[in-house]
Amino acid sequence: MKQGTFTIVLIVLAFAVGLGIYIWFGSQPKGSIFHAIYDGGPLVSVLIAFIIMIFAYVIERSIALNKAKGKGSMADFIREVKAEIEAGRIDGAIEKCDAHQSSLAAVIRAGLDKYKSLVARRVTDPEKRRTEMQKAIEDATAVEMPLLEKNLVALSTIASISTMVGLLGTTIGMIRAFTALATSGAPDAVQLSLGISEALFNTAGGIFGGIAAIVAYNVFTSQVDSFSYQIDESAFYIVETLSMRDEKVA
């Protein structure tokens, strides 16, 4: 599913489910915690939708990043590729990349494909070979990184919006509470309690959504940064291995 389509479908489903949950809360007996949440007002359904979206993005990113790690240990994969290169089996190294099925393997494979192309073109200048391999690896990395970083902006956006929606609900609740206090004679206790309840539940929902999104964003950003470092370090190591092999052969 394309990124734009996934986001649109998720938004529609999240808001539909959020509204359904909010209506269900309203059907519960008065005095229950669910009905108390319902008294928080319609913005509660929006906050529920944001929380659903956060969990959906967490699941999607967890699956995607786990898939990007490929099959097996990255350290073992690099050692196996290095052994194939030192033995002169470039095709064998490419097969190792295909078998691993990781973002790192895709980047390394791009460098190996470029190396084979240079050999076929009889490019013997070591510096030219190194430069072109590094360029191929950089291009492959530029393709892989957006896939690793996908939906992280959405998480950071939800963190900000969720907090703002919670603040809006808090403000509306406090307006209702002060309106109840402003009545002539005795304050309207029911409206006062509803206003305070609306303010507190929206505050809690907004803060929870913001915290959950920020934590998820930071965790995934840290994983992507670590992944990027591993790709850069491993790619440089493979390029050096190929260069050293060429020097030995020459």
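**Stop 1: the Asp98 pair**

Select aspartate 98 and arginine 109. They form a salt bridge, with the closest N and O atoms 2.6 Å apart. This is a predicted model, so read each distance as computed from it. Aspartate 98 sits in helix α5 and arginine 109 in helix α6, so the pair ties together parts that are 11 residues apart in sequence. Check the surface next. Aspartate 98 counts as partly exposed, at 38% relative accessibility. Arginine 109 is also partly exposed, at 28%. By the rule used here, the count comes to 13 salt bridges. Side chains of opposite charge can pair when their charged atoms come close.

**Stop 2**

Move to glutamate 132, in helix α7. Is glutamate 132 buried or exposed? At 17% relative accessibility, it counts as buried, because the cut-off for buried is under 20%. Glutamate 132 forms a salt bridge with lysine 128, and the closest N and O atoms are 2.9 Å apart. Both residues lie in α7, 4 residues apart, about one turn of the helix. An α-helix has 3.6 residues a turn, so residues three or four places apart point the same way. Lysine 128 is partly exposed, at 37% relative accessibility.

**Stop 3: from α7 across to α9**

Select glutamate 240 and arginine 130. Their side chains meet in a salt bridge, 2.3 Å from N to O. This pair links distant parts of the chain: glutamate 240 is in helix α9 and arginine 130 in helix α7, 110 residues apart. Glutamate 240 is partly exposed, with a relative accessible area of 21%. Arginine 130 is among the buried residues of α7.

**Stop 4: the whole of α7**

Color the buried residues. They include Arg129, Met133, Ala136, Ile137, Ala140 and Leu148.

Look at both ends. At the start of α7, a side-chain oxygen of aspartate 125 reaches to within 3.3 Å of the backbone nitrogen of glutamate 127. Just after the helix, asparagine 151 takes a positive phi of about 75 degrees.

**Stop 5: helix α4**

Go to α4. Its 13 residues should span 18 Å at 1.5 Å a residue; the end C-alpha atoms are 18 Å apart, which agrees. Which residues of α4 are buried? Select Met74, Phe77, Ile78, Val81, Glu84 and Ile85.

Serine 73 caps the N-terminal end of α4, with a side-chain oxygen 3.2 Å from the backbone nitrogen of alanine 75. After α4 comes glycine 88, whose phi is positive, near 85 degrees.

**Stop 6: the nonpolar core**

Now select Phe77, Val81, Ile85, Ile108, Leu112 and Leu242. Of the 49 residues in the largest nonpolar core, these touch the most other members. The elements giving two or more residues to this core are α1, α3, α4, α5, α6, α7, α8 and α9. Helix α9 makes the largest contribution, 10 residues. In soluble globular proteins, nonpolar side chains tend to be buried together.

Zoom in on leucine 112. Leaving aside neighbours within four places in sequence, leucine 112 is in contact with Ile85, Ile90, Ala93, Ile94, Cys97 and Leu242.

**Stop 7: Met53**

Finish at methionine 53, in helix α3. At 6% relative accessibility, methionine 53 counts as buried. What is methionine 53 in contact with, leaving aside neighbours within four places in sequence? Select Leu10, Ile11, Ala14, Phe15 and Ile158. Then draw a C-alpha to C-alpha distance from methionine 53 to threonine 7. The two are 46 residues apart in sequence and 9.3 Å apart in space.

Notes:
Residues are numbered from 1 along each chain as its sequence is written. This is a predicted model: local features need pLDDT of at least 70, side-chain atom pairs count only at pLDDT 80 or more; totals for chains, interfaces and linings use all residues. Side-chain values use heavy atoms; hydrogens and water are left out. A nonpolar core is a set of buried Ala, Val, Leu, Ile, Met, Phe, Trp, Tyr and Cys residues joined through side-chain atoms within 4.5 Å. Buried means under 20% relative accessible area, exposed over 50%, partly exposed in between (1.4 Å probe, protein chains only). Contact means heavy atoms within 4.5 Å. The expected span of a helix is 1.5 Å times one less than its number of residues. A polar contact is a pair of N or O atoms within 3.5 Å; within protein, one must be able to donate a hydrogen and the other to accept it, and residues adjacent in sequence count only if both atoms are side-chain atoms. A salt bridge is a side-chain nitrogen of Lys or Arg within 4 Å of a carboxyl oxygen of Asp or Glu.
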